[in-house]
Amino acid sequence: MIFVEKMKKVVKILASTELAVALFLVISLVAIPGTISNNRTIYSSPLFTSLLALFGVNLLLCTQRRFTSISKAVLVLHAGVIITLMGCILASFGYVATVNLYEGTKIDHVYRWDQKNDAPLGAEMLLKKIHWEFYPMPVKIGVLKGQNKENLFELKTGQSFDISEYRVLVGPVEYGSENLSLSVFKRDRLIGTFNTLTAATDLPADFPYSFKLVAFKAPRLKRQWVDLQLSNANGTVAAGTAEVNGPFQWGGLYFFNTQIERDRDGVQYAGIQIVKDPGRWLVFSGMVIVAIGAFLATFRRWYGFR
């Protein structure tokens, strides 16, 4: 009997509103350092996971004790929060890994931040191609005929200008350089290209003009992404594109392209972040249910007021 009474007291404390408020404050305080330092390890620590689990138990017991007196809208809200907490707890069993790759190179190990060392990826990853896209950039293109200045055109990349019987299309800027590729057409037929950085050209020998990039504004990056391919001893197992907000998925892993940079020799490489998050869909589902519950509760209050 004494044991039963003690258990009732424990359950009463676990189901109390006071404990819910205290846990909410403690969880918020513990989460602050991770938010400021952008260090995710705090969210997978035993302390933080235990606090979330205790908060979930508190909410579950609180809901069970007051089930008949709680409105359906609030029950939906509680269900959404509990599902979200379950997803957060599951997420603590995931990890974040990173690796830098040059175009055309492969790796089969990545750096696990939770383990602080390299770990097998489970497949061989090839970075097939690096892509980038810029917003149209204002440029000034000088046209020379021999040693004489023939004309100066001010326009944006992606646009074209006419000179004599030719039309010149200004291509996009090359990432990390001041190079523009100009495509020259004669009667809508491509006759060659001109590189403004090196003056390399495949235009006909009798083409009378040359070009110079006189001025430009720094380009603004619109989008960047990479083509990835995963393979094992049996061949290719998956292939696709990865970008910042559009991950490539395989085997429960999410591959994000976090950066594109150049090394000291000017060679491009891409930063790839690999995330394993087993609670991802539970969190998203819980948040949707919370939103539905909040809408129902708001509508109920508004309708009751009316």
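In this predicted model, serine 183 counts as buried, because its relative accessibility is 17% and burial is assigned under 20%. Serine 183 belongs to strand β8, and, when residues up to four places away in sequence are not counted, serine 183 touches Arg167, Val168, Leu169, Leu190, Gly192 and Thr193. One of these partners, arginine 167, is placed in strand β7, which covers residues 166-173. Arginine 167 counts as partly exposed, at 28% relative accessibility. With its neighbours within four places in sequence left aside, arginine 167 is in contact with Ser160, Phe161, Asp162, Ser183, Val184, Phe185 and Asp188.

The side chain of arginine 187 meets that of glutamate 165 in a salt bridge, with an N to O distance of 3.8 Å. This pair links distant parts of the chain, 22 residues apart, since arginine 187 is in the loop between β8 and β9 whereas glutamate 165 is in the loop between β6 (160-163) and β7. Glutamate 165 is partly exposed, with a relative accessible area of 41%. Glutamate 165 and arginine 187 are also joined with Lys186 in a network of salt bridges.

Salt bridges occur elsewhere as well, and the structure holds seven of them. In general, side chains of opposite charge can pair when their charged atoms come close. Lysine 222 forms a salt bridge with glutamate 133, and the closest N and O atoms of this pair are 3.7 Å apart. Because lysine 222 lies in strand β11 (residues 221-232) and glutamate 133 in strand β3 (residues 117-134), the pair ties together parts that are 89 residues apart in sequence. Both partners count as partly exposed, lysine 222 at 46% relative accessibility and glutamate 133 at 30%. Strand β11 also contains arginine 223, which forms a salt bridge with glutamate 243, the closest N and O atoms being 3.1 Å apart. Glutamate 243 lies in strand β12 (residues 235-243), so this pair ties together parts of the chain that are 20 residues apart in sequence. Arginine 223 is partly exposed, with a relative accessible area of 32%.

Helix α3, formed by residues 46-65, has 20 residues and reaches 28 Å from its first C-alpha to its last, close to the 28 Å expected at 1.5 Å a residue. Within α3, the buried residues are Phe48, Thr49, Leu51, Leu52, Phe55, Gly56, Asn58, Leu59, Cys62 and Thr63. An α-helix has 3.6 residues a turn, so residues three or four places apart point the same way.

Cysteine 62, one of the buried residues of α3, has a relative accessibility of 12%. A search of the whole structure finds zero disulfides. Cysteine 88 is accordingly in no disulfide, the nearest cysteine sulfur being that of cysteine 62. Whereas cysteine 62 counts as buried, cysteine 88 counts as partly exposed, at 29% relative accessibility.

Helix α5 spans residues 280-305 and includes leucine 296. Leucine 296 is partly exposed, with a relative accessible area of 36%, and contributes to a nonpolar surface patch of about 630 Å². The patch is made by leucine 296 together with Val288, Ile292, Phe295, Phe299 and Trp302.

Note on methods
Residues numbered from 1 in each chain as written. Predicted model: local features only at pLDDT ≥ 70, side-chain atom pairs only at ≥ 80, totals over all residues. Heavy atoms only, no water. Patch = residues over 30% accessible without salt bridge, like charges linked within 9 Å, V, L, I, M, F, W, Y side chains within 5 Å. Areas by Shrake-Rupley, 256 points an atom, 1.4 Å probe, with all protein chains shown as cover. Salt bridge = Lys/Arg side-chain N within 4 Å of Asp/Glu carboxyl O. Helix = DSSP H or I, 4+ residues; strand = E, 2+ residues; numbered from the N terminus. Buried < 20%, exposed > 50% of the residue type's maximum accessible area, 1.4 Å probe, protein only. Expected span 1.5 Å × (residues − 1). Disulfide = S-S within 2.5 Å. Contact = heavy atoms within 4.5 Å.
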